[in-house]
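Trainee: I am new to this structure. Could we go through it one question at a time?

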Amino acid sequence: RSSIKDRAFEGSGLSGFTIPEGVTSIGSYAFSHCNNLYTFSLPVTLTTIGSYAFYECVNLAFVIVPYSVKTIGDYAFASCNYLVSVYLPDTVVNIGSNIFASCYYLNKVYCGAIEKPAGWDDDMGYGEGESSFYWHEKALFGCETDGEFVYQLVGNNYKVVGYVGNNRDVVIPSKFKEIEIGRAVQQECRD
């Protein structure tokens, strides 16, 4: 087992990264204040995201938490000013307080659970009350993932809204008829 220590990359100039398989936890403040961070990929071995882990990563636009994660600490994604969309799997059983506090543009939080799990704090602070929380079977446009792509079923078509794989060269399956390219994806494609 390995982990990323507390404050390991705090304030660094990272614009994107992939955490390798085998890492099980991200420490407190590990990537906080990474103002150039647009995108990252988390491994399926990750179980814990520490408090303030991505605090004030102001250019982060989209977050996909892998199915292996069980715990997300207090303020983990707080003050990510341009965060607009988040996917939380139903495997997350403990969520700290205010994980999305001051994420003013956050308007969609997708969750694989049918309803809010008991271990989730009532005050996640998402979008200061402006966000829509989409629960699995109740969501009109809820997200699913095949382990590489995050997508929505819109009518009879699949719409890709994110990529969680580790490949730099990606082949998009033909079942996906529409692709939504956000700031995070655009930045990674330029790099």
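Trainee: Which residues does Thr91 touch, not counting residues up to four places away in sequence?
Mentor: First, this is a predicted model, in which local features need pLDDT of at least 70, side-chain atom pairs count only at pLDDT 80 or more, and totals for chains, interfaces and linings use all residues. Residues are numbered from 1 along each chain as its sequence is written, and side-chain values use heavy atoms, with hydrogens and water left out. Contact means heavy atoms within 4.5 Å. With residues up to four places away in sequence set aside, Thr91 touches Pro66, Tyr67, Ser68, Val69 and Lys70.

Trainee: Which backbone oxygen does the side chain of Thr91 reach?
Mentor: Thr91 lies in the loop between β8 and β9; strands (E, at least two residues) and helices (H or I, at least four) are DSSP runs, numbered from the N terminus. At 2.4 Å, the side chain of Thr91 reaches the backbone oxygen of Tyr67.

Trainee: How many helices and strands does the protein chain have?
Mentor: The secondary structure of the protein chain comes to one helix and 15 strands.

Trainee: What share of the 191 residues counts as buried?
Mentor: Buried means under 20% relative accessible area, exposed over 50%, and partly exposed in between (1.4 Å probe, protein chains only). Of the 191 residues of the protein chain, the buried share is 46%.

Trainee: Which residues touch the most other members of the largest nonpolar core?
Mentor: A nonpolar core is a set of buried Ala, Val, Leu, Ile, Met, Phe, Trp, Tyr and Cys residues joined through side-chain atoms within 4.5 Å. The largest one has 34 residues, and those touching the most other members are Ile26, Ile49, Phe54, Ile72, Phe77 and Phe100. At least two residues of this core come from each of β3 (23-26) and β8. Phe77, not counting residues up to four places away in sequence, has contacts that include Ile49, Phe54, Ile72 and Phe100.

Trainee: Is Thr48 partly exposed or buried?
Mentor: Thr48 is found in strand β5 (residues 48-49). Leaving aside neighbours within four places in sequence, Thr48 is in contact with Thr24, Ser25, Ile26 and Thr71. Because its relative accessible area is 27%, Thr48 counts as partly exposed.

Trainee: How far apart in space are Thr48 and Gly73?
Mentor: In sequence, Thr48 and Gly73 are 25 residues apart. C-alpha to C-alpha, their separation in space is 7.9 Å.

Trainee: Which residues make the nonpolar surface patch of about 430 Å²?
Mentor: Patches are made of residues with over 30% relative accessible area and no salt bridge, with like charges joined within 9 Å and nonpolar side chains (Val, Leu, Ile, Met, Phe, Trp, Tyr) within 5 Å. Accessible areas come from the Shrake-Rupley method with a 1.4 Å probe; for residues, only the protein chains shown count as cover. Tyr104 is exposed at 53% relative accessible area, while Val84 is partly exposed at 35%. The patch is made by Tyr82, Val84, Tyr104 and Tyr105.

Trainee: Which side chains meet in a salt bridge?
Mentor: A salt bridge is a side-chain nitrogen of Lys or Arg within 4 Å of a carboxyl oxygen of Asp or Glu. The structure holds one. Arg7 is partly exposed at 45% relative accessible area, and Glu10 is partly exposed at 29%. The side chains that meet, at 3.0 Å from N to O, are those of Arg7 and Glu10.

Definitions and conventions:
Polar contact = N/O pair within 3.5 Å; in protein donor to acceptor, adjacent residues only side chain to side chain.
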